[in-house]
Amino acid sequence: MPITFVVINNNGIGGGVSEYIPGKPLPTSTYTLGARYERVIEAFGGVGYCVEKVADLGPTLDKALASNRPALVNVLIDPKAQRKPQKFAWLTR
(Lines give C-alpha, C1' and ligand atoms only; values in the text may rest on other atoms or scores of the structure.)
Protein backbone atom coordinates (compact mmCIF):
# COMPACT_ATOMS: atom_id res chain seq x y z
CA MET A 1 0.00 0.00 0.00
CA PRO A 2 1.41 3.45 -0.90
CA ILE A 3 2.24 5.89 1.88
CA THR A 4 0.34 9.13 2.48
CA PHE A 5 2.19 12.01 4.15
CA VAL A 6 0.55 15.00 5.81
CA VAL A 7 2.53 18.24 6.14
CA ILE A 8 1.25 20.88 8.58
CA ASN A 9 2.51 24.12 7.05
CA ASN A 10 2.15 27.37 8.99
CA ASN A 11 4.03 29.41 6.36
CA GLY A 12 6.72 30.25 8.90
CA ILE A 13 8.17 29.60 12.31
CA GLY A 14 7.77 31.86 15.33
CA GLY A 15 4.70 33.65 14.09
CA GLY A 16 5.77 33.77 10.46
CA VAL A 17 5.37 36.76 8.21
CA SER A 18 2.16 37.88 6.55
CA GLU A 19 3.59 38.86 3.16
CA TYR A 20 6.71 38.62 1.04
CA ILE A 21 8.30 41.97 0.21
CA PRO A 22 10.68 41.67 -2.77
CA GLY A 23 14.19 42.81 -1.90
CA LYS A 24 13.65 42.45 1.84
CA PRO A 25 15.25 39.26 3.19
CA LEU A 26 13.09 36.88 5.15
CA PRO A 27 14.09 36.02 8.72
CA THR A 28 16.39 33.02 8.80
CA SER A 29 13.89 31.03 10.86
CA THR A 30 11.09 31.34 8.31
CA TYR A 31 10.00 28.92 5.63
CA THR A 32 9.17 30.23 2.19
CA LEU A 33 5.73 31.81 2.18
CA GLY A 34 3.13 29.85 0.29
CA ALA A 35 5.51 26.93 -0.28
CA ARG A 36 3.74 24.22 -2.22
CA TYR A 37 5.35 21.19 -0.58
CA GLU A 38 2.86 18.86 -2.25
CA ARG A 39 4.56 19.54 -5.59
CA VAL A 40 7.62 17.59 -4.45
CA ILE A 41 5.79 14.27 -4.47
CA GLU A 42 4.34 15.06 -7.90
CA ALA A 43 7.88 15.30 -9.25
CA PHE A 44 8.36 11.67 -8.19
CA GLY A 45 5.11 10.39 -9.70
CA GLY A 46 2.88 10.71 -6.64
CA VAL A 47 -0.13 12.92 -6.07
CA GLY A 48 -0.15 16.13 -4.06
CA TYR A 49 -2.98 18.00 -2.41
CA CYS A 50 -3.09 21.42 -0.77
CA VAL A 51 -5.70 22.08 1.93
CA GLU A 52 -6.57 25.57 3.15
CA LYS A 53 -9.96 24.98 4.85
CA VAL A 54 -10.71 22.66 7.76
CA ALA A 55 -13.80 21.36 5.97
CA ASP A 56 -11.65 20.17 3.06
CA LEU A 57 -9.21 18.13 5.18
CA GLY A 58 -11.31 14.97 5.61
CA PRO A 59 -12.36 14.63 1.96
CA THR A 60 -8.81 15.39 0.81
CA LEU A 61 -7.35 12.71 3.09
CA ASP A 62 -9.92 10.27 1.71
CA LYS A 63 -8.85 11.12 -1.86
CA ALA A 64 -5.17 10.77 -0.98
CA LEU A 65 -5.69 7.37 0.63
CA ALA A 66 -7.90 6.18 -2.26
CA SER A 67 -5.40 7.31 -4.92
CA ASN A 68 -3.37 4.10 -4.52
CA ARG A 69 -0.26 6.19 -5.17
CA PRO A 70 2.23 7.88 -2.85
CA ALA A 71 0.54 11.09 -1.70
CA LEU A 72 1.35 14.24 0.24
CA VAL A 73 -1.27 16.50 1.81
CA ASN A 74 0.01 20.03 2.49
CA VAL A 75 -2.21 21.54 5.22
CA LEU A 76 -1.85 25.32 5.32
CA ILE A 77 -2.61 26.95 8.64
CA ASP A 78 -2.69 30.61 9.59
CA PRO A 79 0.89 31.75 10.29
CA LYS A 80 -0.46 33.92 13.10
CA ALA A 81 -2.43 31.11 14.75
CA GLN A 82 -1.96 30.86 18.49
CA ARG A 83 -1.22 27.69 20.40
CA LYS A 84 -3.97 25.90 22.21
CA PRO A 85 -3.69 26.73 25.94
CA GLN A 86 -2.12 23.82 27.80
CA LYS A 87 -2.76 22.61 31.33
CA PHE A 88 0.98 22.30 31.99
CA ALA A 89 3.47 25.06 31.07
CA TRP A 90 6.09 22.56 29.90
CA LEU A 91 3.81 21.64 26.97
CA THR A 92 4.12 25.14 25.47
CA ARG A 93 7.87 25.62 25.57
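**Talking through the model**

Modeller: Let me begin with Asn-68, which counts as exposed because its relative accessibility is 59%. Please keep in mind throughout that this is a predicted model.

Colleague: Where is Asn-68 found, and what is its phi?

Modeller: Asn-68 is in the loop that links H2 and S3, and its phi is positive, at about 60°, although the residue is not a glycine.

Colleague: OK, stepping back, which elements does the chain have, and in what order?

Modeller: Starting at the N terminus, the order is β-α-β-α-β, which comes to two helices and three strands.

Colleague: And how much of the chain counts as buried?

Modeller: Of the 93 residues, 25% count as buried, and the accessible surface of the chain comes to about 7000 Å², with 60% of it belonging to carbon and sulfur atoms. As for contacts between residues at least 6 apart in sequence, 58% of them join residues that are at least 24 apart.

Colleague: Which residues make up the largest nonpolar core?

Modeller: That core has seven residues, namely Val-47, Tyr-49, Val-51, Ala-64, Ala-71, Val-73 and Val-75. Two or more of its residues come from each of strand S2, which spans 47-51, and strand S3, which spans 71-76. As background, nonpolar side chains in soluble globular proteins tend to be buried together.

Colleague: How do S2 and S3 run relative to each other, parallel or antiparallel?

Modeller: The two strands run parallel and are joined by five bridges. Within that pairing, Gly-48 has Leu-72 of S3 as its bridge partner, while Val-47 stands opposite Ala-71. Together with H2, these strands make a β-α-β unit that is right-handed.

Colleague: Why is S2 described as largely enclosed?

Modeller: Four of the five residues of S2 are buried, so the strand is largely enclosed by the rest of the structure.

Colleague: And S3, how many of its residues are buried?

Modeller: Six of the six residues in S3 are buried, which leaves this strand mostly covered. The cover applies to both faces, with Ala-71, Val-73 and Val-75 buried on one side and Leu-72, Asn-74 and Leu-76 buried on the other.

Colleague: Asn-74 stands out to me as a name in that list. Why does it count as buried?

Modeller: Asn-74, which lies in strand S3, counts as buried because its relative accessible area is 0%, and the cut-off is under 20%. Its side chain makes a polar contact of 2.9 Å with the side chain of Glu-38.

Colleague: What lies 2.6 Å from a polar atom of the Thr-60 side chain?

Modeller: The backbone oxygen of Asp-56 lies at that distance from a polar side-chain atom of Thr-60.

Colleague: What about Leu-61, is it buried or partly exposed?

Modeller: Leu-61, also a residue of helix H2, counts as partly exposed because its relative accessibility is 25%. Setting aside neighbours within four places in sequence, Leu-61 is in contact with Val-6 and Val-73. Its C-alpha atom is separated by 8.8 Å from that of Tyr-49, which is twelve residues away along the chain.

How values were computed
Residues numbered from 1 in each chain as written. Predicted model: local features only at pLDDT ≥ 70, side-chain atom pairs only at ≥ 80, totals over all residues. Heavy atoms only, no water. Core = buried A, V, L, I, M, F, W, Y, C linked by side-chain atoms within 4.5 Å. Buried < 20%, exposed > 50% of the residue type's maximum accessible area, 1.4 Å probe, protein only. Contact = heavy atoms within 4.5 Å. Areas by Shrake-Rupley, 256 points an atom, 1.4 Å probe, with all protein chains shown as cover. Polar contact = N/O pair within 3.5 Å; in protein donor to acceptor, adjacent residues only side chain to side chain. Pairing = 2+ DSSP bridges. Right-handed = clockwise from strand over helix to strand, strands pointing away.
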